[in-house]
Amino acid sequence: MGHFLSDQQVAAFVNDGFLVVPDFVNAERCLALRQRAMELAEQYVPSPEQATVFTADGKPQHTSDDYFLSSGEQIRCFFEKDAFDEHGGLRAQPHLSLNKLGHAMHDLDPVFSAFSRTPELAAVAHDIGMSQPLLLQSMYIFKQAHIGGEVTCHTDHTYLWTEPQSAVGFWFAIDDATRDNGCMWAVPGGHRLPVRSRSRLNDTRTATVTDVLDPEPYELDNLVSLEAKRGTLVLLHGAVPHLSAANTSDKPRHAYTIHAIDGAAHYLADNWLQRPTLPLRSFTHR
Ligand code: FE2
């Protein structure tokens, strides 16, 4: 297994809990993924009644809980809450009204799978100490012009809990992400603090509940903006607090994320995302 990251880059990731790697993917491959995402959006768009809308704090606000909870093995569409008018009708074409696609494009779609599995990604996962990286979920985030919603401060480990903590986000800028169109922000070193909440399935496995482990809000004075040109990879430690603002600009901010866990860690049976029939695979084609 070759190395990709320098010792300095690995040290920065360990220290900060995030790492920005410009020019990781060429623009042509980003645009091909963008095109494919738009096609999937048209192909898989559900009726609004079926769909899940995402609120500002990232919680799915369900017209159908099951549509969300069973999406770990599917390609599904989730709408922006501002996509609808006061009568419940869509303001724009469906594919321009989506918050995201999720959560198994990396296993179900050949274009997404090829983007998600490269020797470079396998090397990066190895470089940051993942012994058996497994691709758990993929999200294509549209962050549409004008209606792209904010994502409030959270950690990914909250949603993708393993013992010990192992989730890592591999975030790709498909469009340029700037402070104007809702780039990510993160708390440097925040991954060394204990994670403050855990989202899990309720006893009937019909909805998610949040266990608050520490009610103190995150200290946001030291937030760093993770501005990223198209093709940039941003690595995010699963315990680092991060957020993004709403996109009030006229430029979309498409991004693609893969969340990987370490197969050497225990994935909890009451995490919302379950994969009963689709085995998890690594960053290599096998
Ligand atoms: Fe996140």
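Analyst: Let us begin with a definition: a disulfide is a pair of cysteine sulfur atoms within 2.5 Å. A search of the whole structure finds zero disulfides. C30, for its part, is in no disulfide, and the nearest cysteine sulfur, that of C183, is 17 Å away. Before we continue, note that this is a predicted model, in which local features need pLDDT of at least 70 and side-chain atom pairs count only at pLDDT 80 or more, while totals for chains, interfaces and linings use all residues. Residues are numbered from 1 along each chain as its sequence is written, and side-chain values use heavy atoms, with hydrogens and water left out.

User: Are C30 and C153 buried or exposed, or in between?

Analyst: Buried means under 20% relative accessible area, exposed means over 50%, and partly exposed is in between (1.4 Å probe, protein chains only). C30 has a relative accessible area of 0% and is buried, whereas C153, at 24%, counts as partly exposed.

User: Which residues are the protein donors of the iron ion?

Analyst: Donors are N, O and S atoms within 2.8 Å of the metal (3.2 Å for Na, K and Ca); water is not among the atoms, so sites may look incomplete. Here the protein donors are H154 (NE2), D156 (OD) and H242 (NE2), lying 2.2 Å from the iron ion. Along the sequence, their spacing is H-x1-D-x85-H. Two of these residues can be read with the burial scale: H154 counts as buried at 16% relative accessibility, and D156 is buried at 7%.

User: How should I read a helix, and which residues of α6 are buried?

Analyst: An α-helix has 3.6 residues a turn, so residues three or four places apart point the same way. Helices (H or I, at least four residues) and strands (E, at least two) are DSSP runs, numbered from the N terminus. In helix α6 (residues 119-127), the buried residues are L121, A122, A123, V124, A125 and D127. The elements covering them include α1 (7-16), α5 (110-116), β6 (133-141), β9 (168-173) and β14 (233-237). Just after α6, G129 takes a positive phi of about 95 degrees.

User: How are strands read, and which strands does β5 pair with?

Analyst: Strands of a sheet pair through backbone hydrogen bonds, either parallel or antiparallel. Two strands pair if DSSP finds at least two bridges between them. Strand β5 (residues 98-103) is joined to β4 (residues 75-80) by five bridges, and the two run antiparallel; in this pairing, I75 has H103 as its bridge partner. β5 is also joined to β6, again antiparallel, by four bridges, with G102 opposite M139. Six of the six residues of β5 are buried.

User: Which way do the residues of β14 point?

Analyst: In a regular strand the side chains alternate between the two faces of the sheet. From β14, L233, L235 and H237 point one way and V234 and L236 the other, and all are buried. Strand β1 (residues 18-21) pairs with β14 over four antiparallel bridges, with F18 as the bridge partner of L236. β9 pairs with β14 over five bridges, also antiparallel, and F170 stands opposite L235.

User: What is the order of the strands in the open sheet?

Analyst: Four strands form this sheet in the order β7-β15-β10-β13, with antiparallel pairing. β7 (151-154) and β13 (224-226) stand at the edges, each with a single partner strand, so one side of each is left without a neighbour in the sheet. Two bridges join β7 to β15 (residues 242-244), and V151 stands opposite S244.

User: Which residues touch the most other members of the largest nonpolar core?

Analyst: In soluble globular proteins, nonpolar side chains tend to be buried together. A nonpolar core is a set of buried Ala, Val, Leu, Ile, Met, Phe, Trp, Tyr and Cys residues joined through side-chain atoms within 4.5 Å. The largest core here has 53 residues, of which L101, Y140, F170, F172, L235, Y256 and F283 touch the most other members. Helix α2 (residues 27-44) gives the most to this core, with six residues. Apart from this core lies another, of 15 residues, among them F18, A173, A177 and L226.

User: What is L101 in contact with, leaving aside its neighbours within four places in sequence?

Analyst: Contact means heavy atoms within 4.5 Å. The contacts of L101 beyond those neighbours include A37, L40 and A41, as well as R76, C77, M139 and Y140.
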